[in-house]
Amino acid sequence: MSVHKIEQPDPTVGVRLRTLRERYGLSQRELARRASLTNATISQVEQGVVSPTVASLRKITGGLGMTLAEFFTVDLAPDAPIFFGADELHELGSADISLRLVAAADKQRSLQMLHETYAPGADTGPEAIQHPGEESGVVVRGHITVTVGGQTRVLGPGDAYHFSSLLPHRFSNHGDEPVELVSASTPPSF
């Protein structure tokens, strides 16, 4: 006689789904509408009554605006801070260049956000920097010289940049005033 084991639904998928749905302020009905599923399906998954198929889970995560990988890796800790006061940013820079990191460096993150300040005459060094990922930023005040690959440009308030970090790059403040910019990069390098 052969015995077939009945696979039980994974309750962690349901708990994760409910937590994320509530975090994003969605009702079960709204998530069901966005995912093109029934309200009962969302409810049953959250209760651990059924395990969603991969296709259904893709629809659900799409309704949440995330990928499957993000669904299973996003930090669900209720005490994970969302807002940070100016005094809560982590200083990573030096005397001439302030690099204030948003969020703790020890948290698993896929995005790095910095509030950067370059003193007059400051630069990132004589050697260009290269690393995997992408960088983007917007100048808030002052003028900064940005060199990426073979291109150099002086950017002022409101100007922005976005490039593959595999390209050699440098930042220099040749002016008499401090430069302030807000930047993001992925994956985090600090």
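The chain carries 16 positive and 22 negative side chains. The centres of the two sets lie 13 Å apart. Lys and Arg count as positive here, Asp and Glu as negative, while His and the chain ends are not counted. Each charge is placed at NZ of Lys, CZ of Arg, CG of Asp or CD of Glu. The model is a predicted one: local features need pLDDT of at least 70, side-chain atom pairs count only at pLDDT 80 or more, and totals for chains, interfaces and linings use all residues. Residues are numbered from 1 along each chain as its sequence is written, and side-chain values use heavy atoms, with hydrogens and water left out.

The chain holds five helices and nine strands. Helices (H or I, at least four residues) and strands (E, at least two) are DSSP runs, numbered from the N terminus. Along the sequence, the pattern reads α-α-α-α-α-β-β-β-β-β-β-β-β-β. The radius of gyration of the chain is 23 Å, whereas a compact globule of 190 residues would have a value near 16 Å. This radius is taken over C-alpha atoms, and the globule rule is 2.2 Å times the number of residues to the power 0.38. The C-alpha atoms fill a box of roughly 80 × 35 × 30 Å along the principal axes.

The accessible surface of the chain is about 11700 Å². Carbon and sulfur atoms supply 55% of this surface. Areas come from the Shrake-Rupley method with a 1.4 Å probe; for residues, only the protein chains shown count as cover. Of the 190 residues, 33% count as buried. Buried means under 20% relative accessible area, exposed means over 50%, and partly exposed lies in between (1.4 Å probe, protein chains only). Contacts were also counted, a contact being heavy atoms within 4.5 Å. Among contacts with a separation of 6 or more, 62% join residues 24 or more positions apart.

An α-helix has 3.6 residues a turn, so residues three or four places apart point the same way. Helix α2 spans residues 28–35, and its buried residues are L31, A32 and A35. Seen down the axis, these fall within an arc of 100 degrees, so they line one face of α2. The arc is that of the directions from the helix axis to the C-beta atoms. R29 and R33 are exposed on the other side of α2.

Just after α2 comes S36, with a positive phi of about 55 degrees. S36 is a residue other than glycine. It lies in the loop between α2 and α3. S36 is exposed, with a relative accessible area of 59%.

Helix α3 covers residues 39–47 and includes T41. The buried residues of α3 are I42, S43, V45 and E46. These cover an arc of only 165 degrees around the axis, which puts them on the same side of α3. T41 is partly exposed, at 23% relative accessible area. T41 and S56 are 15 residues apart in sequence, and their C-alpha atoms are 9.2 Å apart in space. G48 follows α3 and has a positive phi near 80 degrees.

In helix α4 (residues 54–64), S56, L57, I60, T61, G63 and L64 are buried. They fall within an arc of 155 degrees seen down the axis, so they line one face of α4. V54, A55 and R58 are exposed on the other side. G65 follows α4, and its phi is positive, near 80 degrees.

R21 belongs to helix α1 (residues 11–23). R21 is buried, with a relative accessible area of 7%. Leaving out residues up to four places away in sequence, R21 touches L26, S27, Q28, L31, E46 and L64. R21 and T61 are 40 residues apart in sequence, yet 9.8 Å apart in space, C-alpha to C-alpha.

Two further sites involve the strands. H131 sits in the loop between β3 (112–118) and β4 (134–141). H131 is buried, with a relative accessible area of 18%. Apart from neighbours within four places in sequence, H131 contacts S165, L166, H169 and S189. P187 is found in the segment after β9 (179–186). The peptide bond from T186 to P187 is cis, with omega near -10 degrees.
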